[in-house]
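Subject: Structure for your files

Hello,

My notes on it follow below.

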Amino acid sequence: MGDRLKNKVAIITGAAKGIGFSTAQRFAQEGAIVIMADMNLESVKGASAQIPNAEAYAMNVIDRASIQAVVDQVMQKHGRIDILINNAGITQDARLVKMTEAQFDAVIDVNLKGVFNCTQLIVPHMLEAKSGAIVNASSVVGIYGNFGQTNYSATKFGVIGFTKTWARELGPKGIRVNAICPGFIATEMVKAMPENILQDIERRSWLGRLGTPEEIANVYLFLASNEASYINGVALEASGGISL
Ligand code: NAI
């Protein structure tokens, strides 16, 4: 469809479904070589088969060896990594008093430490190339907090902290780091929420509806592309204005 990411090698974590899958489709339409990484290999293989120029890899972002293995294969095959989309994320919601330590730890491990792991293992190749673009998945709940999401909202606040820190450390080396803060997007993650809460969210959004994965893919695309060449360290909200 376009050439906004022509021949760029882009790694997208959590690409088997939801926003990550839509982002893989969108990046491929813009000419990227799309590396779809997900802990669910069967499902990411099926997803990648629908996208030209996409390759499927098994990667669990909490397992550094599995990340390194993907990085090594991609470097060997393509010789560079231009874009990293730290998209993989999970929820395990419960009110503070009911949240188990296991729920707390699981979400911190994937959403926070997973972003650290992937970025730390991929950035050396961007430093060598003196260029790169990283976009991290935060959320509106990483700005405003959310009932029942002690663990999740803490990770999404943390991702903004990573973003602003790495934008300072890596900006001078030619690598831009930004975050996106989607509102409530119609994926399985959100469909798992109770119906009455979803209706309330739709009512509170000034566009009167949930967002679509395609709309968030376009935000990742903008920040990853050269059109955002002077944007570094922002947390860009795409929520229909839910917080207004
Ligand atoms: P989803 O649940 O539809 O898809 C997440 C994907 O990540 C799945 O394919 C899953 O297998 C993969 N994944 C989970 N843990 C992994 C791990 N340890 N290693 C590798 N892959 C793993 O999620 P969705 O809704 O597409 O969300 C994508 C990102 O956007 C997440 O970081 C989420 O927190 C964030 N987000 C989503 C919003 C929404 O309303 N759906 C709103 C704001 C942020």
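Leaving aside neighbours within four places in sequence, Ala 10 is in contact with Leu 5, Phe 27, Ala 32, Val 34, Ile 35, Asp 82, Ile 83, Ile 85 and Ala 224; contact means that the C-beta atoms, placed from the backbone, lie within 7 Å. This is a predicted model: local features need pLDDT of at least 70, side-chain atom pairs count only at pLDDT 80 or more, and totals for chains, interfaces and linings use all residues. Residues are numbered from 1 along each chain as its sequence is written.

Ala 10, Val 34 and Met 36 touch the most other members of the largest nonpolar core, which has 70 residues. Helix H4 gives the most to this core, with eight residues. A nonpolar core here is a set of buried Ala, Val, Leu, Ile, Met, Phe, Trp, Tyr and Cys residues joined through C-beta atoms within 7 Å. Buried means 20 or more other C-beta atoms within 10 Å of the residue's own, exposed means 12 or fewer, and partly exposed is in between, with C-beta atoms placed from the backbone.

**The sheet**

Seven strands make an open, parallel sheet in the order S3-S2-S1-S4-S5-S6-S7. Strand S3 (54-58) and strand S7 (235-238) are at the edges with a single partner strand each, so one side of each has no neighbour in the sheet. On average, neighbouring strands are turned by 20° against each other, direction ignored. Strands (E, at least two residues) and helices (H or I, at least four) are DSSP runs numbered from the N terminus, and two strands pair if DSSP finds at least two bridges between them.

S3 is joined to strand S2 (residues 33-38) by five bridges. Val 34 has Ala 54 as its bridge partner in S3, and Ala 37 stands opposite Tyr 57. Four of the five residues of S3 are buried.

**Around the ligand**

The shell around the ligand has 15 nonpolar, eleven polar and three charged residues. Ala, Val, Leu, Ile, Met, Phe, Trp, Tyr, Cys and Pro count as nonpolar, Asp, Glu, Lys and Arg as charged, and the others, Gly among them, as polar. Of the 29 residues around the ligand, Gly 14, Gly 18, Gly 89, Ser 139 and Thr 187 come nearest; a residue is near if its C-beta atom, placed from the backbone, lies within 6 Å. Helix H1 (18-29), helix H4 (101-129) and helix H7 (188-191) each supply at least two residues of this shell.

**Thr 165**

Thr 165 is in helix H6 (residues 150-170). Thr 165 counts as exposed because it has 12 C-beta neighbours inside 10 Å.

Regards

Conventions
Axes are lines fitted to C-alpha atoms, for helices over the stretch in contact, and angles run from 0 to 180 degrees between N-to-C directions. Two residues are in contact if their C-beta atoms, placed from the backbone, lie within 7 Å.
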